[in-house]
Amino acid sequence: MASLEFIAKDCSDGCMTPHEIRAAQPAARPADHRASLVEARQRMAAAGQWSKSQLMGRRWPIGCVALEITQRCNLDCTACYLSEHSEAVKDVPLEEVFRRIDMIFDHYGPRTDVQVTGGDPTLRKRDELVAIVRRIRDTGMRPSLFTNGIRAKRDLLQELVAAGLVDVAFHVDVTQQRSRYVDEVGLNALRQEYIERTRGLGLAVMFNTTVTSDNFEQIPQIVAFFVRNSDAVRLASFQLQADTGRGNLGRRDARITIGSVRRQIELGAGTPLSFDTAQIGHARCNRYAMTLVINGKVYDALGDKELFDEVLEKTAQLQFDRQDRSEAVRMIVKGVFASPHLTLRAAVWLGRKIWHGRADLVRARGHVDKLSFFIHDFMDACHLEKQRIDACVFAAATNAGPIPMCLHNAKRDVFILQPVKLNRGESVSFWNPLSGAITPAPVELHGPIGVRRKFAKGRLKRGLAATRTGTRQGCD
């Protein structure tokens, strides 16, 4: 792992020092939801990322909040972001999960996207998982399930939809080392199986793929698969390999960049895509493209940046239902029609798109699917750029508040090994994450942790010898 000297040499553009990582704390609760939106806009401006195209601070105060309801997982990915000690940790009590859901609402307000994740969340007791999804929806926020899909059978998905689930994101890629699948293209058969489980449930279906040197060349074929299934798949996210957690891949191949992954996606889509039109947080973290798929052919939907900026300005306060495409279109039209000038511009754009795709529209009998692509560049745990942390759109919910996900991964043990205070009426007690016991006083951790789990790839020996330092082993 990186030494301090290497960090200093590699971080001339403003990386956080080990001391800064240790000292970093979750966000304090804002005065109200509007204050949270204003604060997000201020952070974007301070990081030099505020523009007419910026969604963060304009449409929402946070892109997504990860709610980790278990640290357990039934796979052992070579790019895993969990820590060496994660699977020694018991599941957080349901009452604490509910408190964190309320905390997320207090920070960001209604319609916040809450990603129910882990580990793999389906390892949680089924009735508890359903109750968690229902609690999120009952607060007015939007619950998503982030899973490897192994236990996410159709009957479970049906029950979760009844409880209010909005999205399901399946994480499938070669880093998971699933038996019977030799490469990324072979995993398309599994992706197809997962898609079929969701049909007719009204879920927005997403797929996540970690990009490594083992599957970089196959990205075009994966993209082509998503295009063929664009009637069911709404978003395909490609996450660049990061040296964080207990994975054993180390730092990624230099050829894997936002630019190179973008080109691979475009090869699979068969057309250039406008990844620079919509801005989501920091430009070095995220890129987004939206397409229309007509008769199996991909059409770029964000080619007119000026039009996008105008539409965003008029629709920033509107909320779109990802489960109901016709309702989402209605809301966009409502925002556009509020301005005669914008209505004319949008009509001209639509006319050009119809003319350009007229042959495919005829063959498809007017049927159009929307498929989006997202590129996310997670940072290495020992190379966190402060500016990107400050402009983060993806937070993790801890017992002390939300914190940027890359920072959370870099110091995960600080949060998951910390005793959790439980307020039960007039009494106060503490939950011990290693034993699951509830005691009148917190049980502090001293010395190495005995990890009873399957061997994590590459770092188990260091992890067992590690003590609680506040940062990932090897950064200092």
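Which residues is arginine 197 in contact with, leaving aside its neighbours within four places in sequence? Let's start with the whole protein and work towards that spot.

This is a predicted model, where local features need pLDDT of at least 70, side-chain atom pairs count only at pLDDT 80 or more, and totals for chains, interfaces and linings use all residues. Residues are numbered from 1 along each chain as its sequence is written, and side-chain values use heavy atoms, with hydrogens and water left out.

The protein has 17 helices and 14 strands; these are DSSP runs, with helices being H or I of at least four residues and strands E of at least two, numbered from the N terminus. Out of 476 residues, 57% count as buried, meaning under 20% relative accessible area with a 1.4 Å probe, protein chains only. As for contacts (heavy atoms within 4.5 Å), 74% of those with a separation of 6 or more join residues 24 or more positions apart.

Now look inside. Not counting residues up to four places away in sequence, Val261 touches Val211, Phe216, Ile219, Phe238, Leu240, Ile256 and Ile375.

Arginine 197 counts as buried because its relative accessibility is 9%. Its contacts beyond four places in sequence are Gly149, Ile150, Ala152, Lys153, Arg154 and Leu157.

Terms used
Buried means under 20% relative accessible area, exposed over 50%, partly exposed in between (1.4 Å probe, protein chains only).
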